[in-house]
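Hi,

Here is the structure I said I'd pass on. Have a look at it first, and then read my notes below.

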Amino acid sequence: MNSQALDLIWVLTCTGLVFTMQAGFAVLESGLTRAKNSINVAQKNLNDMVVSVLLFWALGYGLMFGESVGGGWIGSSGFFFEWSSEPFATAFFLFQAMFCSTAVTILSGAAAERMRYSGYMLMCAVVSGLIYPIYGHWAWGGAANGTSSGWLVASGFVDFAGSTVVHSVGGWVSLAALLVLGPRLGRFAADGTPQQIPGSNIPMAVLGVFLLFFGWFGFNGGSTLAVDGRIPIIFGNTLLAGVAGGLGSMLTARTTSGRFDVAALMNGVLAGLVAITASAHAVVAWEAVLIGTIGGFIMLLTHATLLKLRIDDAVGAVPVHLTPGIWGTLAVALFGNPAALGTGLDSTAQLLIQLQGVATAGAWAFPTAYIAMHLLNLVHPMRIDPEGERVGLNVAEHGATTELIDLLQAMDHQVATGDIRARVPVEPFTEVGQIATRYNQVMSTLEKAIARADAIVRSARDAIVTLSGYPLSIASVNPAAEAIFGGSARSMEGAAADLLLHGRYGPGVWLDGSREVTARRADGSPFPAEITVSASHDGAGRFVTVLLRDATDRKRHERELQVAKESAERALAELKMLQGDLIAARDTALVASEAKSRFLANMSHELRTPLNAIIGYSEILMEEATEGATGETIMGDLDKINTAGRHLLAMISDILDISKIEAGKMELHPELLELGPLLQEVATTATPLIAKQHNQFHLQLPDTPGTLTTDATKLRQVLLNLLSNAAKFTHHGTITLTLIRDPQWVALAVTDSGIGMNAEQIGRLFQPFTQADASTTRKFGGTGLGLALSRSFCRMMGGELEVQSLPGSGSTFTVRLPVSGLSAEVAQG
């Protein structure tokens, strides 16, 4: 077989591949549009092939590939093309006729679901008989005989398989049509927000992409017009650009929207194929991947821009074909191998001519299509009327009906009549028939439920009133409502809802919830009532159901019960008061008795110890005197007697001080004190006692301790008592006396690392004659007067004694005194 025969077979095979693209467009666009328009979309795809091929045979081929006149502006021969004795010429015509159909069918998807079928046929004629072949002559003129007669191609413009000639031209025509037609009903909200209109069959749309991808191998590969070594490269570049465009678009959409969008994948594949079409013969593999990927990005950007401008492209035809076609045409200059291009231009000159080519396509195709659409629209409306768009172009344009359409029409009739007893027709053994069967079952169940609800409403003892409209008025009442209000349903229905109530109530009374109101009977008399309000919305607006119960008898019973309850409560209150007095008297007696017992036990112990010491050491002195003991020995015993006597005196003084405080006879003698010397004196006095228990003592003073106006004797007594207690309850630990002051207060804190106390022990700590617990008294001794006396002194001096402690973590006693001194009342006790 010679090379010419191989070339002929190759071009005819590719013609068949491109022909399958028409099927791909039909499947893709039908799947991406709603079912009510699917027949119209499919028929338009078949129609544009019928019209475009016939017009291309009669007129378009001659304008595009005929002998060039006017300096490469238009072809002038080859009209009504006759099969040539040269087989390749006929094959070339068939191949180019498929290209013309592809350019025309782009409009079908973009303007789907709103463009009249007759108007679409007219625009098919304009595109295939005028717009496409004239620009095609500029870019491809002379291709039939291997020359470059068109003015663009003669200048070096390269568009190998039609990124601009086919796809951008189809995109410009589609954009013009969209601007004239406007968006579909409901595509954009009043504020311009896009509303999603889902396709009817996405799997079928995906099948359409596969068919287009398959046909594209013929689209690009057949443009060699010969069997040569470029074909595998073209196939490879076509494949890589398509898959790169799809993957890049899908991942980009995943990043921006958070989901793997199937529309982005499908249109990304097609955008990558459109972009590579101009340079599939002149780039290497990685360049094809880059061109396809960028084509997908441009598609997404164009789609977003159209939505922002409220331009409604039903299937994304403009984003897929127009802008990726422009990018692919410019990519010829950016990536194309000059040897493969064969123009003899450098990269800059090549880019300029490519820019001129895409600009010329827009300047020719867009205004021509827009003017043609506008003029045709004046004499023959290009858009279907709103009712036709609502019911779908299948019915409005073709009178086509399906089981689903019949079912929907039956449902619409039922909605219009409100007859719930009607049933939709059932076509057995089909999916729609199963839906109709289930719908009828639902309607039967609903009818029974409504009948039961109506019976309940009519037999209810409470009033049931429905309200509707704005302002609310009575829509219906049940028999109980007629009896309670004393009026007939006819007289009540239609009246204002507020007439049911006595007095003024705001609109909030009809909000959801239960409340008590004063209702009004038909004769105007008021009565107490309980209402429960439930609001909802139906197709006509707000709908309120009110359940009302006459509360007259209940209110009377409540009043009687209230009187009885109040009498019982008064008697109970008097009993509780008497009980409280008795309990208080008993508790006082118990507390006094217990305190007295503790005090006597402590005092007997505390007095017995020093008295025993005094008696014992006195007897020792007598013996030592008889035996002629030295003065040094006698002085030691006398010192112990002196210490025991002082202890007795201190206990008696504490008892007298407590007595004076309780009698209100304790006096204060305030004076201006230098805190530094006073605290040093206290520390010196307390240090031996603290060291006796193997404790370390620290005095922490600021650089300037300052002065304080208070009773020095009582402050000294309080601090020594706190330090004595800290030493008593701390062994081998640390005791700290800290001075902290601010402009208003002086704080003196005694902190130890001793046994600590719990909350219950702290609660009893400042009660006279008590210690933290009995075990403490037994182990460490003491009358329990020291802390009570210390707090009383602090309060007399205008301050307070506070404690913080935890078991096993030591205690901190803090004396807080005012810096400014004592008031006259405090100073006088």
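At what angle do helix H2 and helix H3 pack, and how far apart are their axes? Helix H2 (residues 38-65) and helix H3 (residues 87-110) pack at an angle of about 130°, and their axes are 7 Å apart. (Helices are DSSP runs of H or I with at least four residues, strands are runs of E with at least two, and both are numbered from the N terminus. Axes are lines fitted to C-alpha atoms, for helices over the stretch in contact, and angles run from 0 to 180 degrees between N-to-C directions.) That makes H2 oblique to H3; angles under 35 degrees count as roughly parallel, over 145 as roughly antiparallel, 65 to 115 as roughly perpendicular and the rest as oblique.

Before going on: this is a predicted model, where local features need pLDDT of at least 70, side-chain atom pairs count only at pLDDT 80 or more, and totals for chains, interfaces and linings use all residues. Residues are numbered from 1 along each chain as its sequence is written, and side-chain values use heavy atoms, leaving out hydrogens and water.

Back to the helices. H3 also packs with helix H4 (residues 117-140), again at an angle of about 130°, with the axes 9 Å apart. H3 and H4 are therefore oblique to each other.

Next, the salt bridges (a side-chain nitrogen of Lys or Arg within 4 Å of a carboxyl oxygen of Asp or Glu). A search of the whole structure finds 23 of them. In one, Asp312 pairs with Arg184, with the closest N and O atoms 2.7 Å apart. This pair links distant parts of the chain, 128 residues apart: Asp312 is in the loop between H10 and H11, and Arg184 is in the loop between helix H6 (163-181) and helix H7 (202-221).

Most residues other than glycine have a negative phi, and most peptide bonds are trans. Arg310 is not a glycine, yet has a positive phi of about 60°; Arg310 sits in the loop between helix H10 (285-308) and helix H11 (317-335). The peptide bond from Tyr470 to Pro471 is cis, with omega near -5°, and Pro471 lies in the loop between strand S3 (463-468) and strand S4 (473-477).

Cheers
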